[in-house]
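This briefing goes through a protein model with a ligand, topic by topic. Please keep the sequence and the structure in view while reading.

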Amino acid sequence: MGSLTSDLELEYNSNSSINLLDSEEFRRQGHMFVDFMAEYYKNIDKYPVRSQVEPGYLKKRLPESAPYSPESVETILQDVREHIVPGITHWQSPNYFAYFPATSSVAGIIGEMLSSGFNVVGLDWISSPAAVELENIVMDWLGQMLDLPKSFLFSGNGGGVIQGTTCEALLCTLTAARDRVLKKIGRENISKLVVYSSDQTHCAFQKAAQIVGIDRKNIRAIKTTKSSSYGLSAESVLSQINLDVEAELIPLFLCATVGTTAITAVDPLKPLCDVAKQFGIWVHVDAAYAGSACICPEFRHFIDGVECVDSFSFNPHKWLFTTLDCCCLWVKDPGCLLSTLSTNPQYLKNEATDQEPKEQEVRYQDWQITLCRRFRSLKLWVVIRNFGVANLRNFIRSHVGMAKLFERLVTSDKRFEVAFPRKFSLVCFRVTPSAVMDKLRTKYKNGTYDQYRQFSEEERTNEFNRELLESINVSGKVFMTHAIVGGIYVLRFAAGNSMTMESHVRAAWTVVQEHLEAF
Ligand SMILES: *Cc1c(COP(=O)(O)O)cnc(C)c1O
């Protein structure tokens, strides 16, 4: 007993003399880390873009329990190199064209380092005045860059908040809309609430709707068609609303998308708002990816009508060179968020909270799900200043230019076609049905292309393109993903990664052609 106590005391005493944020250690390890990442970026195109490990690979390589004794950062970094890097899909690779890019930049990472360096918990003004005030300022800057109406800015009567992801932004706005209506009709009527989106809307919306308690059978994913370029038509929304109203349900919320995830379709905001407003529906715009492009005057028209909506969000962590996570949400009526998300516990009371909040004393804890929040505005501020609006626009334009180049390469090869019109930096393409047939005839000369036999022409084309994409991705040379819209399977080429140059785009196209030839 006696010896145990003295052991503990010994450890306590020795640990108490170690500064966990020793400035010289920070400098030494920080430099080591920066060197490590710099090497990684230098060599990033040497790795297979899509990780090639098997499921469960890491369990085989790491010990079963945590180390009892401390290990040096050198050892840990060595293990990152050996065991973690192989299991990484390299989103920052110049040959990464999958999903949408998660664009990073030196400025974005530096901002992130500052943010975790300070590691403040910006609950409210007094917990870090700069965290709150900078977020106000940056959100107004960004709102101006998007030419949002003043009613969304703090300098109007609205305001913006940086959330982690679109799903959180949707969750907060849905909750606000829900409570605004339930206050009038009584909470017992929650099962009557209906929310609207299209069959192209991101599943984040469905998830948020489920969480806020919308009955699953009242989550409408309205069918889109080729004739409206897979945008949500106001007429089909109106007829669905009419059916719901007839059934004594209550229309609550419409999520419109500018730049859908599959093929970057755009829902027409103005006509949709004209319909929604007749029924008092809250309209949110999800521009997660394409919102960034709207800082360029030539793309701004895609959000025309935004002056009529209630809330708008987009992700700078997708296409505005800011590291994960960073989703910017603006609302016209912050009071709606506050009345549903506010709490006012004693331990967070202070002089500032006792008064009506002033503009610069925004209690951001009441604008989001969580109480604690990271100093995210810092990285956005560093990015915007370090690029300048001019270069933010230039880089977006150069990414669109690369997509246009890829589009030209696709259309100049008769075996391929662009399957859906390109709007931003995403090209959706495929091998044409007739080229697929030609290929199968040559490959199976005796006519026994059995595995394709049972398929219709469309299914055969889809299956062929699916196999082609998989063979491309297995090569590790580039990474692309797919979408199926209107029954058509397409390969998605999402240009716009931070390290991608025109030469990578041309090389990617060569990879596609080579894989078709080798099929
Ligand atoms: C990527 C994407 C999302 C999801 O964004 P998170 O921030 O990851 O929740 C939502 N909507 C659209 C249109 C997207 O492209």
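Which backbone nitrogen lies 3.4 Å from a polar atom of the side chain of Q92? It is the backbone nitrogen of S104. The model is predicted.

- Q92 is found in the loop that runs between α4 (73-84) and α5 (106-118).
- With a relative accessible area of 15%, Q92 is buried, because the cut-off for buried is under 20%.
- Beyond its neighbours within four places in sequence, Q92 is in contact with Y41, I44, A102, T103 and S104, and also with N497, S498 and M499.
- One of these contacts, S104, is also the residue whose backbone nitrogen lies 3.4 Å from a polar side-chain atom of Q92.

**Ligand site**

- The ligand is surrounded by 13 residues, and the closest are T166, T261, D286, N315 and K318.
- T166 places a backbone N or O atom 2.8 Å from an oxygen atom of the ligand.
- T261 has a polar side-chain atom 3.0 Å from an oxygen atom of the ligand.
- For D286, a polar side-chain atom lies 2.6 Å from a nitrogen atom of the ligand.
- On its own the ligand has 390 Å² of accessible area, of which the protein covers 87%.

**Cysteines**

- The count of disulfides is zero.
- The cysteine sulfur closest to that of C296 is in C294, 8.5 Å away, which is too far for a bond.
- C296 counts as buried, at 0% relative accessibility.
- C326 is in no disulfide either; the nearest cysteine sulfur, that of C328, is 4.5 Å away. This distance rules out a disulfide because the sulfur atoms would have to be within 2.5 Å.
- C326 also has 0% relative accessibility and counts as buried.

**Backbone geometry**

- L324 and D325 are joined by a cis peptide bond, with omega at about -10°.
- D325 belongs to the loop between α11 and β7 (327-331).
- E248, a residue other than glycine, has a positive phi near 65°.
- The position of E248 is in the loop between α9 (234-246) and β4 (250-257), and its relative accessible area of 60% makes E248 exposed.
- T264, likewise not a glycine, has a positive phi near 55°.
- T264 sits in the loop between β4 and α10 (269-278). At 0% relative accessibility, T264 counts as buried, whereas E248 is exposed.

**T481 in strand β10**

- T481 is part of strand β10, which covers residues 481-485.
- The relative accessibility of T481 is 10%, and T481 counts as buried.
- At 2.8 Å, the side chain of T481 reaches the backbone nitrogen of Y99.
- Not counting residues up to four places away in sequence, T481 touches A98, Y99 and L469, as well as V490, L491 and R492.

**Exposed helix residues and their C-alpha distances**

- F118 is in helix α5, and at 54% relative accessibility F118 counts as exposed.
- Between F118 and F375 there are 8.5 Å in space, C-alpha to C-alpha, and the two are 257 residues apart in sequence.
- R408 is in helix α14, residues 377-411.
- R408 has a relative accessible area of 54% and is exposed, because exposed means over 50%.
- The C-alpha atoms of R408 and V418 are 9.4 Å apart in space, and the two residues are ten apart in sequence.

Note on methods. Residues are numbered from 1 along each chain as its sequence is written. This is a predicted model: local features need pLDDT of at least 70, side-chain atom pairs count only at pLDDT 80 or more; totals for chains, interfaces and linings use all residues. Side-chain values use heavy atoms; hydrogens and water are left out. Helices (H or I, at least four residues) and strands (E, at least two) are DSSP runs, numbered from the N terminus. Buried means under 20% relative accessible area, exposed over 50%, partly exposed in between (1.4 Å probe, protein chains only). A polar contact is a pair of N or O atoms within 3.5 Å; within protein, one must be able to donate a hydrogen and the other to accept it, and residues adjacent in sequence count only if both atoms are side-chain atoms. Contact means heavy atoms within 4.5 Å. A residue is near a molecule or strand if one of its heavy atoms lies within 4 Å of it. Accessible areas come from the Shrake-Rupley method with a 1.4 Å probe; for residues, only the protein chains shown count as cover.
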